[in-house]
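Here is a short report on one model. Look over the sequence and the structure before reading on.

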Amino acid sequence: MLTRIYEQVKPILNSFLAGLIGLAVGAIIMAIWGYAPFGAYDALFTAIFGSFYGFSSTLARATPLILTGLTFAIGVRGGIFNIGAEGQVFMGALAAISVSLLSLPSGIHVLVAIIAGAMAGAIWSLPPSFLKITRGVHEVISTIMLNWVALYFGMYAVVEWLGDPQRAEKSISAATTSRLPIMVSGTSLTYALFVSLAFSLLIFFLLWRTTLGFELRVVGQNPAAANYAGIKENYSINSTFILGGLAAGVAGALQIIGHPPTYALYSDLSTVRNLGFDGIGVALIGRNHPIGVIFAAVFFAGLNVGARTMQITAGVPLEMVRIIQGVIIIALAAPELIELSNQLLPAVRNWINEVKAS
Amino acid sequence: MEFFTSFLRILVISLNAMVPITLAAVGEIIGERSGVIDIGLEGILLISAFTGAVSAQATGSPYVGLLAGIVTGFAIGALHGFISVYLKGDQVISGVGINLFGGGLIAFGLIAVWQTPGHHIVPASARMPKIDTPFGGISYITILTLVIVFLVYYLVSNTKLGLKINICGEHPRAADVAGINVERIRFFATVSGAMLAGLGGAFMSLDWFGVLTKELAAGRGFIALATVVFSKLNPLLALLGGFIFGFFDSLGVWVSSAAGVKKYIPWQFILMTPYIVTLLAVAGAIGRARFPDKLGEPYQRE
């Protein structure tokens, strides 16, 4: 019984351990450059949990990360290493701004913007899917290349097609009818959070309660078995890409219609950059599970939000958190971290005892 | 005539732009032939560009900087090799982590060392000298890269060690039975590949650009991965691929300094071309590409 529970919670323990390793390595690097690690972490965590404002900001930041985390998680479940969320987010955001040029009643306009974003993200996921199925091009290469193409395309579109006539550095803002209401005034937390959560539950249902989801997971786990069972592998791969693209596209749309105060893109796309890449870490820490992704997104978002405070009060550059996130993922690459530490701890204890004895 | 000089200028820039992509790609070929995939090339390029610049400036010698870049490659390769080969971890995830770590470290380092959030110019005293031509400077490392490519080609196709590396990727069990230490060979291949990427990173900050920015690598690590696919694991074809991608890369650099072209094509679309060309080249080239049978799979002894 106990071992069964242990098997169940082991992945979660593993994620926690990886988090601790990340923070420890971060502390070492800070110490090397003469920063005070404990002061920095104190500032970081106070910023996240110390105030209602901080926590609201964390949830606001988590909103798109849940979705980009889902993109990667769905990919892994379907046997694809989809790191194209970054570009798909840009496309979703552009689409959401574009449809704000329409004039529609408020409720419908929100829906249209989300659907437009989702479609744009899905369309941007089709070339990698097509290239993988027909030409065998590995998705890591195709999605990364398309991320760069989307970045420069977005920079062009924001200035040339969707530019704000009054302010050259940003696009036009989403129409007031397509904006999601603010949940906590003074923060950027809007009802977009519930769109993300709903999408997460939808993916959970789809993966574990539908035939498509079942087939997708079989292809991801064992393509040979899937083939033997008569599952169409190409169809499943394509579905995996499209579902991921939908999620990332919605993330892009929400960063426009649910992101006060600007409700717009800047010409350098700064407000939507790195969301896709952070999603990879979110999915890995969340064990590629739609529910795990929600908690992991809050953790990642907290690091991002807290980093700003850390920079101001402790003087540590906010890029520190990217180092920590990188270390966490490297630690998660070694699958049996827990097992390893179980083996190491007694060894260390023995060593200490030996040192004491001598 | 003017066209001819412009062409030669682009050619010279291409010879420089070729270096980081080719070095990283050729290094990756050694690793992939042994069965270990390392998608952390982008991270290695970034970190070694940073450590190279720091060491070169601290000592005033670009050669120490280059060495630091190689040592950095060694260290990251050893980490990736340890996780992939000995811990039987997930090679792709480890690579993703290294990329994220690298992006963070260079951005953090720029502020921590030089108090600049974006852009640090490496002083001339810490930069590599160049061979002057009327069309721009050519780096000595460009020549070194050509030598390395041929050495690696000789290594993987004509030596006993190369044979061992290939068997470890194709059929690690057979290698094991034949008394080859699969783990040691794979670890060695991964580390030496990463050292070449490290040299490529230091080249960017100390030689080619002479500048350190957060996005110095700009996807070149991934273009190198694409080059590996394009090359079908042949170092000589990787050189060709590196040159082609370098050419389109430098086209953007050249156009950004020539006002005439910008009128007709927006700069955003010019900067897009290396990535589109890469994608098309990989899509067109693949077909017959054959990768080692056990690429990406840890070897588990029974």
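At what angle do helix H4 (residues 85-99) of chain A and H10(A) pack, and how far apart are their axes? The angle is about 50°, and the axes are 7 Å apart.

## Basis of the model

This is a predicted model: local features need pLDDT of at least 70, side-chain atom pairs count only at pLDDT 80 or more, and totals for chains, interfaces and linings use all residues. Residues are numbered from 1 along each chain as its sequence is written, while chains are lettered from A and ligands numbered from 1 in the order in which they are written.

## The H4(A)–H10(A) pair

Helices are DSSP runs (H or I, at least four residues), numbered from the N terminus. Axes are lines fitted to C-alpha atoms over the stretch in contact, and angles run from 0 to 180 degrees between N-to-C directions. H4(A) and H10(A) are therefore oblique to each other. Angles under 35 degrees count as roughly parallel, over 145 as roughly antiparallel, 65 to 115 as roughly perpendicular and the rest as oblique.

H4(A) brings residues including Phe90(A), Met91(A) and Ala96(A) to the contact. H10(A) brings, among others, Gly249(A), Val250(A) and Ala253(A). Contact here means C-beta atoms, placed from the backbone, within 7 Å. By class, there are 14 nonpolar, 7 polar and no charged residues. Ala, Val, Leu, Ile, Met, Phe, Trp, Tyr, Cys and Pro count as nonpolar, Asp, Glu, Lys and Arg as charged, and the others, Gly among them, as polar.

## The nonpolar core

The largest nonpolar core has 212 residues. Such a core is a set of buried Ala, Val, Leu, Ile, Met, Phe, Trp, Tyr and Cys residues joined through C-beta atoms within 7 Å. Ala96(A), Val250(A), Ala253(A) and Ala297(A) have the most contacts inside it. Helix H8 (residues 182-208) of chain B gives the largest share, 16 residues.

Ala297(A) touches Ala62(A), Leu65(A), Ile66(A), Gly69(A) and Val282(A), not counting residues up to four places away in sequence.

## Pro260(A)

Pro260(A) is in the loop between helix H10 (233-257) and helix H11 (275-285) of chain A. Pro260(A) counts as partly exposed because it has 17 C-beta neighbours inside 10 Å. The cut-offs within 10 Å are 20 or more other C-beta atoms for buried, 12 or fewer for exposed, and partly exposed in between. Leaving aside neighbours within four places in sequence, Pro260(A) contacts Ile182(A), Ser188(A) and Thr190(A).

## Where the chains meet

In chain B, 37 residues are in contact with 36 residues of chain A. H4(B) gives the most to this side of chain B, with 15 residues. The side divides into 28 nonpolar, 8 polar and 1 charged.

Definitions and conventions. Helix = DSSP H or I, 4+ residues; strand = E, 2+ residues; numbered from the N terminus. Contact = placed C-beta atoms within 7 Å.
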